[in-house]
Amino acid sequence: MTSHVPNEARVIPMRPRATRPQARPTAPPTAPERRRPAVREPLWRDLVGDILRQERLAQERTLKEVAETARISMPYLSEVERGRKEASSEVLAAAAGALGLGLGDLLARAQGELVRLASRHTGPGRGPGASGARFDGMCLAA
């Protein structure tokens with residue numbers, strides 16, 4: 001008498017199966033047309049870099065000229081203009097000074113651009129913490 005055993009692997013669990021908690025019902029996924037687009041907040045370094053580049057181009061000056069006047073390496077100034085480097089206040093003051101701007105002028109322009117972009121993304125009174133109050137100040141923390 002021979003018994004025929006199928007040629008299949010048999011898995012024997014080493015640990016008993018843990019009982020899983022029941023899944024909570026989830027809301028149906030939102031249709032793509034109803035989702036709010038993810039808006040990336042502008043970074044300070046991008047704003048400052050854009051302003052430096054715009055001012056340099058408005059003066060029709062080369063990156064090399066401004067870097068030499070500011071005593072900053074040309075590759076580093078290029079990185080700052082492209083928003084790739086978070087420049088120190090000394091570097092920003094030097095770059096702004098080479099363009100005939102004060103550090104306060106540069107930061108005020110960046111703050112104005114930030115306010116403009118933020119209001120475009122959130123709209124008046126729709127952003128987080130919108131209380132209807134308007135703030136014209138700027139706060140920099142180190």
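Here are some friendly notes on a few helices of this predicted model, and on the loops that join them.

1. Ground rules. Because this is a predicted model, local features need pLDDT of at least 70 and side-chain atom pairs count only at pLDDT 80 or more, while totals for chains, interfaces and linings use all residues. Residues are numbered from 1 along each chain as its sequence is written, and side-chain values use heavy atoms, with hydrogens and water left out.

2. Helix H1. Let's start with H1, which covers residues 44-58; helices here are DSSP runs (H or I, at least four residues), numbered from the N terminus. H1 has 15 residues and spans 21 Å from its first C-alpha to its last, close to the expected 21 Å at 1.5 Å a residue. That expectation is 1.5 Å times one less than the number of residues. The buried residues of H1 include Leu47, Val48, Ile51 and Leu52, together with the charged Asp46, Glu55 and Arg56. Here buried means under 20% relative accessible area, exposed means over 50%, and partly exposed lies in between (1.4 Å probe, protein chains only).

3. Helix H3 and its buried face. In H3 (residues 74-81), you will find Leu77, Ser78, Val80 and Glu81 buried. Seen down the helix axis, these buried residues fall within an arc of 160 degrees, so they line one face of H3; the arc is taken from the directions between the helix axis and the C-beta atoms. As background, an α-helix has 3.6 residues a turn, so residues three or four places apart point the same way. The buried residues of H3 pack against H1, H2 (63-70) and H4 (89-98).

4. Ser78 up close. Ser78 belongs to H3 and is buried, at a relative accessible area of 15%. Setting aside neighbours within four places in sequence, Ser78 is in contact with Arg53 and Leu63, where contact means heavy atoms within 4.5 Å.

5. Positive phi values in the loops. Glu60, in the loop between H1 and H2, has a positive phi near 55 degrees. Arg71, in the loop between H2 and H3, has a positive phi near 60 degrees. Glu60 is exposed, with a relative accessible area of 73%, and Arg71 is exposed too, at 78%. After H3 comes Gly83, with a positive phi near 75 degrees.

Notes: Helices (H or I, at least four residues) and strands (E, at least two) are DSSP runs, numbered from the N terminus.
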